[in-house]
Structure formats: C-alpha cells, structure tokens
Amino acid sequence: MKRIDEEIRRHLETVILPFWKGLLDEKNGGYAGYVGYDLTVDWKAAKGCILNSRILWFFSQAVITLKEPALLPYARHAYDMLCRMTDEKNGGVFWSVHADGTVCDGTKHTYNQAFAVYALSAYAQASGCRGALEKAEALFELMETRCTDEQGYLEAFTSDWKPAGNEKLSENGVMAEKTMNTLLHVLEAYTELYRVCGSTRVRDRLYFILDVLEKKIYHPQKRRQEVFFDRAYRTLIDLHSYGHDIETSWLADRTLEVLGDEALTARIRPILLAMVEEVYEKAFTGHGVANECERGRVDTTRVWWVQAEALVGFLNAYQKTGDPKFGDAARSQWRYIRDVIADRRSGSEWYWCVREDGTPFEKPIVEPWKCPYHNGRMAFEVIERSQYAQL
C-alpha cells in the first residue's frame, strides 16, 4: 500500500508549487489575481488581500516544512505586495488593490486582518524578518482595538474604521454581524502569532476565543457549530457547514497543543472530536465530503477546500483517538482528491468544485478566494504528521 504522505508531497512539489510559482507578477508585483476555468490568466485583475496573504503564508510555510530556502523569494514577493496593501494612514490592510497596487476596495475586514497576521507570522519565522513580526504584532493590537466588543469580534468596517455591512462574509440569505468563520481564522492567526512571538497578551486572547467557541458557537446537542449570528451571538439560520466544522476540529486542536494547558484540552478536545464524528456520520460518503446542510437540505457539491480540510481533520482525529475509521477516511479523501478534485489538465491545479458525480463546475481556478492555502496546508500537515499518514 502506498504511503499517502509520499504521494501528497509529490503532488505538492509537482502540481501545487509549480502552478503558483507561475503566477508571479513580475510587472506589477504580487501574484495574478484571476485564472479562468479555461486557464487564461488575467494579469490585469484586482489582487485580493486574502489571496495575497494566503500566497505569502503558503510560500513561507513551504520554506519551513520542506526546508527549502530557494522558495523564500516567492514569499518575499508576496510580502512586498502585502506591504503595499497596508493603509499607512488609518492602519490595517485593504480588501483588494488594482493590479498596479492602487486601492480597489478599501474595506477593512477582521477576516482580512487575521490572514495578514497569519501570513506575516509565518514569513517572520521563515525569513527571520523582524519587520514582518512587528507588522503582525501591530495588526494584532489594531484588531483588538478596532474589531472587538465585549462578546467577541465584529466584522466589517470602512477604510477609516466606521462600521459597515458584512456582505463579504455573509451567505445563505442572511446578513450576519458576527460569523463563526471569522472567529475561527482569528483563532488560527493568533495561534501562529503566539507560537512565533510568545506574547502573553496574545495567549490571553486565545483563551478568550476558545471560550466563545465553546459557549457561543458550538451547539452541543447537534454536535456542530452555528455559522451566522447577530451581534449578541444569536444564531440566524439552521446551517451545518461540514467543511468549517472539520477545519475547526484540527485548527482549534492545534491551538490546544500550542497552549499546552491540559485542563483546557480536556474540556475542549471532546467538542472538537464530536464535530469530526458528526461530519463523518452526516457528510462523508467515501467519495468526498458534502458541502453543507441548510434547513435539513444537504448540498452535495464537493468543494475543493472542504475536501482538503476533511483529510486533515480525519487524520488529526486518527492521531488523537487511534480509531481506524478516521485513518481509512483520510486515505479515502486523498484518493478522491487525487482522482477527482485535482485538475488533470496541464498547467492547472485543483477544480473549485465538482458535482456529486465528479463532473466539474466551470468556476475559476484562481480568484480572490481560490488559493493555495487549503490544499497547500493539507500537504504540509500530512508531511508533518508522516508517522500517522503511512496508511
């Protein structure tokens, strides 16, 4: 039986990395912001800060995981663009810039700031750049000043930090003042920042966020997270996001590992494993994982990032419990990704999503949300857990 860690490393090195290297924009800086389903690169497309931050994180983490310093210039190229996406007057990073680096959408979103913190922390570790870590720490302080209330994290603001509508992180017909998704990625960003800088202030906020997750986000009877909320964390819709739940299951577990608090782990980890179990029972078919369930109706679309997160979530559950069904599920997920989600066309990467029968939707291969973060991170996690990935 082939080791999936070896297969996935090969896929990273021969498919994912070459694809994103090829999108480096030598003329304008950063990376191309759009590649259509037909694989045509639009070098004039706007560059989203989320996309650029995730590319910065991807190449930085590739340097760290693969121990490959030759990849550092690709990270530096994204870092230089992220600096250009920063608002020197009001602080924070914009939502997007035009191809030439001028502001396109000046919205300041907590989700956006979090990914910048995440990327800058990884780049600081990969490169030793003290300035990158200082930028991450300054963004942390800005988020804590501008983006919080007494109960959690607010979401959308104008360029000068006035409250704005949250269309960018709201879906399914609701307008949310707070979202599970934003809170999750603030947790992820702060975990990375704390791991790199060791600040007790960042550590304290990790405890706070885990408390919100446990008491406001998680629904113990349904063994899932609620998704969209009003300002007081009252849920707005009956929605089970399978991908976010299994992503949370291992990202929050990583936070527990970094904090190293046995009592906290004993309290939170059972919640995370319950979410994995629920996804395994409700959404995993052996041929990928369904997208979500809204008001009892399952969306069977197989979305690229959900498949990647499911593999890591199942692998983490196998590592923590030893239950072979999770190991089998991780192996199944890799086969499905390799055979169905990965785009076999020369010069491509992964499809955005496919139907239940495996036929792809003609959606972009790259755009502001379609990035090397989920599939790249999946590869890094499997490589780093290779003793558990020899399935």
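1. In this predicted model, α6 gives the lining of the largest pocket its largest share, 3 residues. A pocket here is an open set of points on a 1 Å grid over the protein atoms alone, where a 1.4 Å probe fits, with protein on both sides within 12 Å along at least five of seven lines; lining residues have an atom within 4 Å of a point. Helices (H or I, at least four residues) and strands (E, at least two) are DSSP runs, numbered from the N terminus.

2. The volume of the largest pocket is about 580 Å³, a volume being the space filled by probe spheres set on the points, which are joined across faces, edges and corners. It has 26 lining residues, with E171, N181, H244, W305 and W369 closest to the centre.

3. At least two lining residues of the largest pocket come from each of α6 (180–197), β10 (239–241), α8 (242–259) and α10 (304–321). By class, the lining has 11 nonpolar, 9 polar and 6 charged residues. Nonpolar means Ala, Val, Leu, Ile, Met, Phe, Trp, Tyr, Cys and Pro; charged means Asp, Glu, Lys and Arg; the others, Gly among them, are polar.

4. The second largest pocket has a volume of about 300 Å³. Among its 18 lining residues, Q61, E192, R195, R254 and E381 are closest to the centre.

5. For the second largest pocket, α8 contributes the most to the lining, 5 residues. Helices α2 (49–66), α4 (110–127), α6, α8 and α12 (373–384) each supply at least two. The lining comprises 7 nonpolar, 4 polar and 7 charged residues.

6. Residues are numbered from 1 along each chain as its sequence is written. Local features need pLDDT of at least 70 and side-chain atom pairs count only at pLDDT 80 or more, while totals for chains, interfaces and linings use all residues; side-chain values use heavy atoms, without hydrogens and water.
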